[in-house]
Amino acid sequence: MDGMPHRRKHSWEACPDTLFASFGDIPGSLCSPADDWPRPFRNLSYDAAWERLAATSNLHSIQFDASGRRADALNFQPCAETPSQDRYAVQQINIQGRIWTLSAVFDGHLGIHTVEHVAHHMPIIVREHLEVIAQKHGARPVPPPLIADMFAMAIRAFDDAIANDVLDLFPGGLSSLSELTDVQIQEVLDDQFCGGHNYTMARLCMYGTTALVTLVDPDHKNLWLANLGDCQGLMVSETGHKEWNVEIITRPHNGENPLEVERVMNEHPGEPECILDGRVLGAIAPFRCISCLGDTPFKQPPEFTRRILYNLYPGQHDTSPWEEFLKKNRTPPYISSTPEVTHYPLDPSPHAPRKYLILCSDGFTDICGTNQHAIVEEWARAAVYGSSSGLDGKSLALRLLWQALGNDPTSISRVLTLDMDSPWLDDISIVVQCL
């Protein structure tokens, strides 16, 4: 015995099209040098690589109008044993006969339940708030700053409702829990055998997601971006023949942003452990995210977690990881649900330079690394001026993913068919919108 872990054997390992990947060959890899390298992968043909990448990417496209405005989206995780926790949303919203466009990416963590809830309901919440503000203004245009305020209010209200809906199950709210036994709390929460409404609401508090949500107005003169967390927005603008400018138009809300660190420290004076190792209470990386997801423990007093979440079926058999940060939870909330809303003016004229809006989760920025601008510029040139046969009808988001993964069949094959049981890439969601 050599003490090395034994790799699962596949029948295709001895096939002529089998190659081997070394550590460092996988862009943005989650792997470790100790993961028994080199590892085999199947080298696919050009057409087979495109076909398999498309089949793995949960593609969606929508044509907005006859002018060519459209959006292409994908959600990619090559490890079949690990479902992606990313989601996207692309919708047109009809407000009093006028069409708004909403696009979004969500990067879930700890589980899929909350990110699925947010991806489904966020467009509904935004539409409801848009309807209210449109009714108030009648035929008058709504000023862009009011839309920005509405956007932030809609997201905050949505976030607040997740925890408040659970607290409303207990008359008297959080303070009343001290009068109830664990069994009494469990009887309220664990109603799976009679519809599961309470259980489903409470379960949302166990998980979390970041969000990057955008709106374009019906006249195509304004773009708003609401950002919570570390997803990224890029504006790709044509500046000349085969010349493009790539601009990052969002800021990450995590420990790499000194402004976010300073904000959290200022909100919790005298608590040096509110930021520990670049994480909130030493536990979670995004400083702003849709909460009451797995993030409720960072926004509510510790009693919420200890009395409600610990009593949610099947319970927490080992509470030590929770207690490690709950003991630091003195003055919640520590994670903000107030999005950073940015307004970006657009040129609606038919002769305006081409623009692409890219929304992506941090899995995409990971695979690009320091080459992101070059990757996006090359993708934009190929998307507009390329003449490669068979590419014209392909999703712009899929072409961007292909470019970032290496832009050749062997690189794509390495990512798609690597022989590994645990994820070797973070989840990747991309929305490309033609403006």
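## Packing of helices H10 and H11

Helix H10 (residues 372–385) and helix H11 (residues 396–404) pack with their axes 9 Å apart, at an angle of about 135°. The two helices, H10 and H11, are therefore oblique to each other, and H10 passes H11 in a right-handed crossing. On the H10 side the contact is made by Ile375, Val376, Glu378, Trp379, Ala382 and Ala383, and on the H11 side by Leu396, Arg399, Leu400, Gln403 and Ala404. Sorted by class, the contact of H10 with H11 has eight nonpolar residues, one polar residue and two charged residues. These values, like the others in this report, come from a predicted model.

## Packing of helices H1 and H11

Helix H11 also packs with helix H1 (residues 46–56): the axes of H1 and H11 come within 11 Å and cross at roughly 120°. That angle makes H1 oblique to H11, and H1 passes H11 in a right-handed crossing.

From H1, the residues Tyr46, Ala49, Trp50, Leu53 and Ala54 meet Leu398, Arg399, Leu401 and Trp402 in H11. The contact of H1 with H11 has eight nonpolar residues, no polar residues and one charged residue. Arg399 of H11 is listed in the contact with H1 and also in the contact with H10.

## The five-stranded open sheet

Five strands form an open sheet in the order S5-S6-S7-S8-S13, with antiparallel pairing. Strand S5 (86–95) and strand S13 (340–345) stand at the edges and each has a single partner strand, so one side of each is left without a neighbour in the sheet. From one strand to the next, the twist averages 15°.

Within this sheet, strand S7 (residues 208–216) and strand S8 (residues 222–228) run antiparallel and are joined by six bridges.

Helix H2 (residues 113–137) lies across S5, strand S6 (98–109) and S7, and runs at about 20° to S5. Helix H3 (residues 144–167) lies across S6, S7, S8 and S13, and runs at about 30° to S8.

## Strand S14 and its partners

Strand S14 (residues 355–360) is largely enclosed by the rest of the structure, because five of its six residues are buried. Strand S9 (residues 232–240) runs antiparallel to S14 and is joined to S14 by six bridges. In this pairing, serine 237 stands opposite lysine 355 in S14.

S14 also pairs with strand S15 (residues 428–434), in the antiparallel sense, over five bridges. There, isoleucine 358 has valine 432 in S15 as its bridge partner.

## Cis peptide bonds

Most peptide bonds are trans. The bond from tryptophan 37 to proline 38 is cis, with omega near -5°. Proline 38 belongs to the loop between strand S1 (18–21) and strand S2 (39–42).

The bond from tyrosine 313 to proline 314 is cis as well, with omega near 5°. Proline 314 is located in the loop between helix H7 (302–308) and helix H8 (320–326).

## Asparagines with positive phi

Most residues other than glycine have a negative phi. Asparagine 58, however, has a positive phi, near 50°. Asparagine 58 lies in the loop between H1 and strand S3 (60–63). With a relative accessible area of 47%, asparagine 58 is partly exposed, since that class covers values between the 20% limit for buried and the 50% limit for exposed.

Asparagine 407 likewise has a positive phi, of about 65°, although it is not a glycine. The loop between H11 and helix H12 (409–417) contains asparagine 407. The relative accessibility of asparagine 407 is 39%, so this residue also counts as partly exposed.

Methods:
Residues are numbered from 1 along each chain as its sequence is written. This is a predicted model: local features need pLDDT of at least 70, side-chain atom pairs count only at pLDDT 80 or more; totals for chains, interfaces and linings use all residues. Side-chain values use heavy atoms; hydrogens and water are left out. Buried means under 20% relative accessible area, exposed over 50%, partly exposed in between (1.4 Å probe, protein chains only). Helices (H or I, at least four residues) and strands (E, at least two) are DSSP runs, numbered from the N terminus. Two strands pair if DSSP finds at least two bridges between them. Axes are lines fitted to C-alpha atoms, for helices over the stretch in contact, and angles run from 0 to 180 degrees between N-to-C directions. Angles under 35 degrees count as roughly parallel, over 145 as roughly antiparallel, 65 to 115 as roughly perpendicular and the rest as oblique. A crossing is left-handed if the near helix is turned anticlockwise from the far one by less than a right angle, and right-handed if clockwise. Contact means heavy atoms within 4.5 Å. Ala, Val, Leu, Ile, Met, Phe, Trp, Tyr, Cys and Pro count as nonpolar, Asp, Glu, Lys and Arg as charged, and the others, Gly among them, as polar.
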